[in-house]
Amino acid sequence: MHLTGNWSYPTAIRFGAGRISEIAEACLAAGITKPLLVTDRGLANMDITTRTLDLIEAAGLGRAIFSDVDPNPNETNVEEGLRVYREGGFDGVVAFGGGSGLDLAKTLAFMAGQSRPLWDFEDIGDWWTRADPAGIHPIVAVPTTAGTGSEVGRASVITNSETHEKKIIFHPKMLPSVVICDPELTVGMPKFITAGTGLDAFAHCVEAFSSPHYHPMSQGIALEGMRLVVENLPTAYSDPQNLDARANMMSAAAMGATAFQKGLGAIHALSHPIGAHHHTHHGTTNAVFMPAVLKFNADAIRDRFDRAAGYLGIDGGFEGFQAFVDRFNDSFAIPKTLTDLGVENPDLDVLVRDALNDPSTGGNPVKMTEANTRDLFERVL
């Protein structure tokens with residue numbers, strides 16, 4: 001029996017194999033009659049994308065695609081996408097793909113009717129209130145990976161190409177109106193992408209669970225999300241056609257992004273500048289940092305992971321969980337160091353500065369300083 005359902009938390013989610021067939025209905029439910037499908041270059045000509053465009057066109061909603069999206073989308077991608085969107089007279093987006101395509105698409109819908117520049121809406125204090133809510137166009141999100149959970153997020157990560165900093169653009173109305181989670185769309189992912197995106201979902205759950213902020217709902221979602229990754233990522237990796245494993249990983253991805261409303265932490269604070277400056281894969285970079293960050297946070301998180309380990313089927317409490325993470329990474333051929341990941345000549349002064357400026361630092365259970373942040377980078381060089 002394949003897993004299926006209709007969910008309304010945190011938004012309307014049409015979950016199950018084959019549900020991409022409902023894409024036109026989802027657009028209309030969101031109030032979109034002329035959608036622009038936004039994806040990345042790698043997906044632009046793939047069968048799953050062509051089939052989705054066919055379904056939209058057959059319903060009389062037109063056929064339009066924008067795919068000039070970099071792996072770490074930047075303001076240049078936003079500017080070009082906005083030009084296409086506005087000149088084409090579109091009234092909503094279909095955000096299709098992994099994190100980069102989803103984030104760029106959500107940003108286009110958000111910026112469609114704004115008069116202020118993009119960086120005026122960075123996730124700092126109440127900057128989001130500067131936006132004109134009436135100028136935010138509707139979004140239908142269709143993830144094709146199981147990692148970022150951007151389909152259920154209220155923000156996008158956009159890289160400033162001048163400063164090489166990853167900026168978080170936030171507004172509550174950036175949350176997609178309708179999401180289609182169809183695990184059949186993920187079966188063609190290369191193994192290293194299955195691993196990297198799956199470990200991204202795992203990092204979201206681990207960091208949300210570790211965050212000191214109070215949010216019991218997120219805490220429970222993070223714990224169950226971890227379990228789904230532990231039990232299903234190995235199967236999705238070794239048996240890509242297993243739809244139950246793929247479905248459970250899609251659930252874990254959405255759960256991780258829902259849970260991290262409670263906060264992220266040092267894993268993401270360190271990973272973001274590495275990705276921005278060295279163009280590494282985000283989820284894989286998170287996985288490289290996780291063992292060092294778990295050790296760094298040990299005293300603050302030991303008790304909660306002592307309890308969680310048993311639920312996850314891991315012996316030995318927190319120390320057992322740490323050992324498990326090392327084995328888990330090894331099983332997916334995750335590099336142990338940034339050098340092995342391909343990072344050359346890192347500028348530690350810049351990386352430390354950018355990490356401390358990253359909003360994720362606020363969710364780490366141990367205060368990050370210039371000294372201990374530099375030490376964390378040096379541990380994984």
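Student: What should I know about the numbers before we start?
Tutor: Residues are numbered from 1 along each chain as its sequence is written, and side-chain values use heavy atoms, with hydrogens and water left out. The model is predicted, so local features need pLDDT of at least 70 and side-chain atom pairs count only at pLDDT 80 or more, while totals for chains, interfaces and linings use all residues.

Student: How many helices and strands does the chain have?
Tutor: There are 14 helices and 9 strands. Both are DSSP runs numbered from the N terminus: helices are H or I with at least four residues, and strands are E with at least two.

Student: Why is the chain called as compact as a globular protein of that length?
Tutor: Its radius of gyration is 20 Å, close to the 21 Å that the globule rule gives for 381 residues, so the chain is as compact as a globular protein of that length. The radius is taken over C-alpha atoms, and the rule is 2.2 Å times the number of residues to the power 0.38.

Student: And what box do the C-alpha atoms fill?
Tutor: Roughly 55 × 50 × 40 Å, taken along the principal axes.

Student: How much of the chain is buried?
Tutor: Buried residues make up 59% of the 381 residues. Buried means under 20% relative accessible area, exposed means over 50%, and partly exposed is in between, with a 1.4 Å probe and protein chains only.

Student: What share of the contacts is between residues 24 or more positions apart?
Tutor: 77% of the contacts with a separation of 6 or more. A contact means heavy atoms within 4.5 Å.

Student: Let's pick a residue. Where is P183?
Tutor: P183 is in the loop between β9 (178–181) and α5 (191–210).

Student: Buried or exposed?
Tutor: P183 is buried, because its relative accessible area is 1%. Leaving aside residues up to four places away in sequence, P183 touches G16, A17, L243, R246, A247 and M250.

Student: What lines the largest cavity?
Tutor: Its lining includes T186, T194, L233 and R246. The elements that give two or more residues to this lining are α5, α6 (216–238) and α7 (243–259). The largest share, 3 residues, comes from α5. The volume of the largest cavity is about 50 Å³.

Student: How do those lining residues divide?
Tutor: Into 5 nonpolar, 4 polar and 1 charged. Ala, Val, Leu, Ile, Met, Phe, Trp, Tyr, Cys and Pro count as nonpolar, Asp, Glu, Lys and Arg as charged, and the others, Gly among them, as polar.

Student: What about the second largest cavity?
Tutor: The second largest cavity has a volume of about 40 Å³. V206, E207, S210, I267, V293, L294, N297 and I301 line it. Here α5 and α9 (282–296) each supply at least two residues, and the largest share, 3 residues, comes from α5.

Student: New topic. Which phi does A333 have?
Tutor: Phi of A333 is near 60 degrees, a positive value in a residue other than glycine. Most residues other than glycine have a negative phi. A333 is in the loop between α11 (317–331) and α12 (338–341), and A333 is exposed, with a relative accessible area of 62%.

Student: And N345? What is its phi?
Tutor: Phi of N345 is near 50 degrees, also a positive value in a residue other than glycine. N345 lies in the loop between α12 and α13 (348–357), and counts as exposed because its relative accessibility is 74%.

Student: Last one. Where does R14 lie?
Tutor: R14 is in strand β2, residues 12–16. At 15% relative accessibility, R14 counts as buried. Among the residues R14 touches are E22, E25 and V179, not counting those up to four places away in sequence.

How values were computed. 1 Å grid on protein atoms, 1.4 Å probe; cavity = no way out; pocket = protein on both sides within 12 Å on 5 of 7 lines; lining within 4 Å. Points joined across faces, edges and corners; volume = space filled by probe spheres on them.
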